[in-house]
Amino acid sequence: MSQAKSLPKGFLAESLGRIQPSPTIAVTQKARDLKAAGRDVIGLGAGEPDFDTPDNIKEAAIAAIRRGETKYTAVEGIPELRAAIAKKFKRENGLDYTPAQTFVSPGGKMIVYNALMATLNPGDEVICVAPYWVSYPDIVLLGGGKPVIVTAKIEDGFRLTPEALDAAITPRTKWIIFNQPGNPSGACYTREQLKALTDVLMKHPQVWILTDDMYEHLVYGGFQFSTVAQVEPGLYDRTLTMNGVSKAYSMTGWRIGYCAGPELLIKAMSKLQSQSVSNASSIAQWASVEALNGPQDFIPRFQKVFEERRDLVVSMLNQASGMECPKPEGAFYVYPTIRKLIGKTAKSGKVIATDEDFATELLEQEGVAVVHGAAFGLSPFFRISYATSNAALEEACRRIQRFCGELR
Ligand SMILES: Cc1ncc(COP(=O)(O)O)c(C=O)c1O
């Protein structure tokens, strides 16, 4: 059977035309395809830990299957998981949430999606801090809102300044999406730095805060993580605190994200989810109960491995000619700048005019897959995910050093 070459005019939703496919997923797929075609490729594009999910969590899922926990659940999540989430927020963040204020979705991305889709009206502004996680502006656009991009400069450690935040807020600002440890920069905020921002937010009661704390447990060098509603209880009534098991427990494929916030917002998100995916997988929810309530001793072990890798990558990249790589406090990414390399020519004869050119040439010439900075709203940079073996990281950094050394 032959397939039509195009869809009828006007068939696709206009909202779809406003967004791009996820560039990080695209890079990961390209690296996979090249590998499958026999090329020697080191993929540093994927945003997922390379560790396996801990055994106690897997066993909890197997036990749930054996018990027959294989049916639809409540839209908001099973009561056991909602109770575990409320306990987690109290234990780790000093935040008081009742289970009724918590909510579970298939992945942290779906929490962001539900929150924005449930609240955005045309013209509503949402502040996204560049370099941002690729999905924020696109979800805002899908929801008919207007992303307002504020840049957190490398000179400020990729941290939003109170002045820049204040200047970006207008009467139309509905949300700020705040993410730390940051993807792609790894930047974190001390309690004092966070307080300076919450002081600004206290002056603007129309602004709600979606704080994406996905990488909370991936902080290094004794850094103390704090979250918005903890630092400024005055913002509790307009903060949605989001988190998930994907990164901290190496559970990206299980698809569980969660949040807590004002009950009326949770009810609105629940209404939306009831007409889309209904509920997160029952089995993955039971596994997440074990993740949150069970032993937490592998978290410091993960941290130690990641910290060593961060130090390795930062040191090797700073030895690459023309590259400057700040040392972030968290997540498993670094975000070096290539500002001194723009305008140079690669061995292939191609001029490196943008960070996308850099990433493309690096993949073609050396087989190292990274994500270009433009995807995160701040150029000329690129992102490396160091959630892979030390041997692969060393080899990738050696190739990057060679690539930069050969630019003329
Ligand atoms: C900052 C940030 N938030 C949310 C997510 C989404 O996580 P999940 O895989 O649970 O949807 C990611 C995943 O890459 C992320 O980097």
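**Around the ligand**

Mentor: Happy to, and let's start with one contact: in this predicted model, a polar side-chain atom of Arg-255 lies 2.7 Å from an oxygen atom of the ligand. Taken alone, the ligand exposes 400 Å², and the protein buries 93% of that.

Now look at the whole shell. There are 14 residues around the ligand, and those that come nearest are Gly-108, Asp-212, Tyr-215, Ser-246 and Lys-247. Sorted by class, the shell has five nonpolar, five polar and four charged residues.

Next, the space itself. The ligand takes up the largest pocket, which holds about 630 Å³ of space. Its lining is made of 28 residues, and Ile-25, Gly-47, Lys-109, Trp-133 and Lys-247 lie nearest the centre of the pocket. The biggest contribution is from α2, with five residues. By class, the lining of the largest pocket has nine nonpolar, twelve polar and seven charged residues.

While you have α2 in view, follow this helix to the second largest pocket, where α2 again gives the most to the lining, this time with four residues. That pocket has a volume of about 280 Å³.

How values were computed: Residues are numbered from 1 along each chain as its sequence is written. This is a predicted model: local features need pLDDT of at least 70, side-chain atom pairs count only at pLDDT 80 or more; totals for chains, interfaces and linings use all residues. Side-chain values use heavy atoms; hydrogens and water are left out. A residue is near a molecule or strand if one of its heavy atoms lies within 4 Å of it. A polar contact is a pair of N or O atoms within 3.5 Å; within protein, one must be able to donate a hydrogen and the other to accept it, and residues adjacent in sequence count only if both atoms are side-chain atoms. Accessible areas come from the Shrake-Rupley method with a 1.4 Å probe; for residues, only the protein chains shown count as cover. On a 1 Å grid over the protein atoms alone, a cavity is a set of points where a 1.4 Å probe fits but cannot get out, and a pocket is an open set with protein on both sides within 12 Å along at least five of seven lines; lining residues have an atom within 4 Å of a point. A molecule sits in a cavity or pocket if more than half of its atoms lie within 2 Å of its grid points. Ala, Val, Leu, Ile, Met, Phe, Trp, Tyr, Cys and Pro count as nonpolar, Asp, Glu, Lys and Arg as charged, and the others, Gly among them, as polar. Grid points are joined across faces, edges and corners, and a volume is the space filled by probe spheres set on the points. Helices (H or I, at least four residues) and strands (E, at least two) are DSSP runs, numbered from the N terminus.
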